[in-house]
Amino acid sequence: MSQVVGRDDLLLVTLDTLRFDVAVELAEAGRLPNLAAHLPGGRWEERHAPGSFTYASHQAMFAGFLPTPAAPGPHPRLFAARFEGSESTADRTYVFDAPDLVSGLADAGYRTVCIGGVGFFNKRGALGSVLPGMFQESHWEPEFGVASPTSFEAQVARAERVVAQLPAGQRLFLFVNVPSLHQPNWFHLPGATREAGDSRATHTAALEYVDRHIGRLFAAASSRRRCFTIVCSDHGTAYGDDGWTGHRLGHESVWTVPYAHFFLEPGAH
């Protein structure tokens, strides 16, 4: 990363609330053709989330603490703030002299852009302004939110416009928080009802919806130059697993998340 930063554009996509088991099952069944085409070996990597809900996890990721490989470490990080005694900062780590990665990339000449999804990015109050406030440019509209059945399509359209308006030589760090997996997600499964609510099956349908449109996001992000891309979940969620429902709790379905990073060559989709 110490060589990538400053050379390539950067894209971070958090598939908010995506469960690891659902992501793996769909990839193995060939039901995520657009995502699986870019996953190393066609497979998700199993990792542990840095937080059990959106705000905590993103605060950690924006400080350089991405989901950690689910195996004994230490695990060198891609990005790290400069601080004495860090055991996960290696020669290849991009080290920044700022309180967060977003500011560090801005200091390195990147245009930093956030396209928000869930409520922690909606800028409707003080708390919902903290995370998008880290970026030079941030976008959120109700059409991007959790209640919109077409949220990801709307976000992708905004990303396309953002990229198209950038000067050719301007490096970009684009962050997209995808809300489609988050509850409510029942409307992504044909025949499901509001009364029946969300389930693992509707969560699955939401991921298939995201896959149908993510190729456009990848194409936009790599339209000007090579783009280093991270796609991961910030945390999972429980649907009655061992009696647990939801997240912000310490169950395996919440802490275990899918992760992948890869390069998008110009013209990727």
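Buried here means under 20% relative accessible area, exposed means over 50%, and partly exposed lies in between, with a 1.4 Å probe and protein chains only. This is a predicted model, in which local features need pLDDT of at least 70 and side-chain atom pairs count only at pLDDT 80 or more, while totals for chains, interfaces and linings use all residues. Residues are numbered from 1 along each chain as its sequence is written, and side-chain values use heavy atoms, with hydrogens and water left out.

**Cysteines**

Select Cys114, which is buried, with a relative accessible area of 1%. How many disulfides does a search of the whole structure find? The search returns 0, a disulfide being a pair of cysteine sulfur atoms within 2.5 Å. For Cys114, the nearest cysteine sulfur belongs to Cys232 and is 14 Å away. Cys227 is likewise in no disulfide, and the nearest cysteine sulfur to it, that of Cys232, is 14 Å away. Cys227 is buried, at a relative accessible area of 1%.

**The sheet**

Switch to a cartoon view. Helices (H or I, at least four residues) and strands (E, at least two) are DSSP runs, numbered from the N terminus. Eight strands form an open sheet in the order 3-2-12-9-1-8-6-7, with mixed pairing; two strands pair if DSSP finds at least two bridges between them. Strand 3 (68–69) and strand 7 (137–139) are at the edges; each has a single partner strand, so one side of each is left without a neighbour in the sheet.

Next select strand 1, residues 9–15. It runs parallel to strand 8 (residues 172–178), and 6 bridges join the two. Leu10 has Phe173 as its bridge partner in strand 8. Strand 1 is also joined by 6 bridges to strand 9 (residues 227–232), again in parallel, and there Thr14 has Cys232 as its bridge partner.

Show the side chains of strand 1. Asp9, Leu11, Val13 and Leu15 point one way, Leu10, Leu12 and Thr14 point the other way, and all are buried.

**Helix 6 and helix 7**

Select residues 151–164 for helix 6 and 200–221 for helix 7. The two pack at an angle of about 5°, with axes 9 Å apart; axes are lines fitted to C-alpha atoms, for helices over the stretch in contact, and angles run from 0 to 180 degrees between N-to-C directions. Helix 6 is therefore roughly parallel to helix 7, a label for angles under 35 degrees.

Which residues of helix 6 meet helix 7? They are Ser151, Phe152, Glu153, Val156, Ala157, Ala159, Glu160 and Val163, and they face Tyr209, Val210, His213, Ile214, Arg216, Leu217 and Ala220 in helix 7. Contact means heavy atoms within 4.5 Å.

**Backbone stops in the loops**

Go to Gly73 and Pro74, joined by a cis peptide bond with omega about 10°. Pro74 sits in the loop between strand 3 and strand 4 (79–81). Another cis peptide bond joins Gln183 and Pro184, with omega about 0°, and Pro184 is in the loop between strand 8 and helix 7.

Then select Lys123, a residue other than glycine with a positive phi, near 60°. Lys123 lies in the loop between strand 6 (111–115) and helix 5 (127–130) and is partly exposed, with a relative accessible area of 37%.

End at Asp242, whose phi is also positive, near 50°. The loop between strand 10 (238–241) and strand 11 (244–246) holds Asp242, which is exposed at a relative accessible area of 70%.

Technical notes
Angles under 35 degrees count as roughly parallel, over 145 as roughly antiparallel, 65 to 115 as roughly perpendicular and the rest as oblique.
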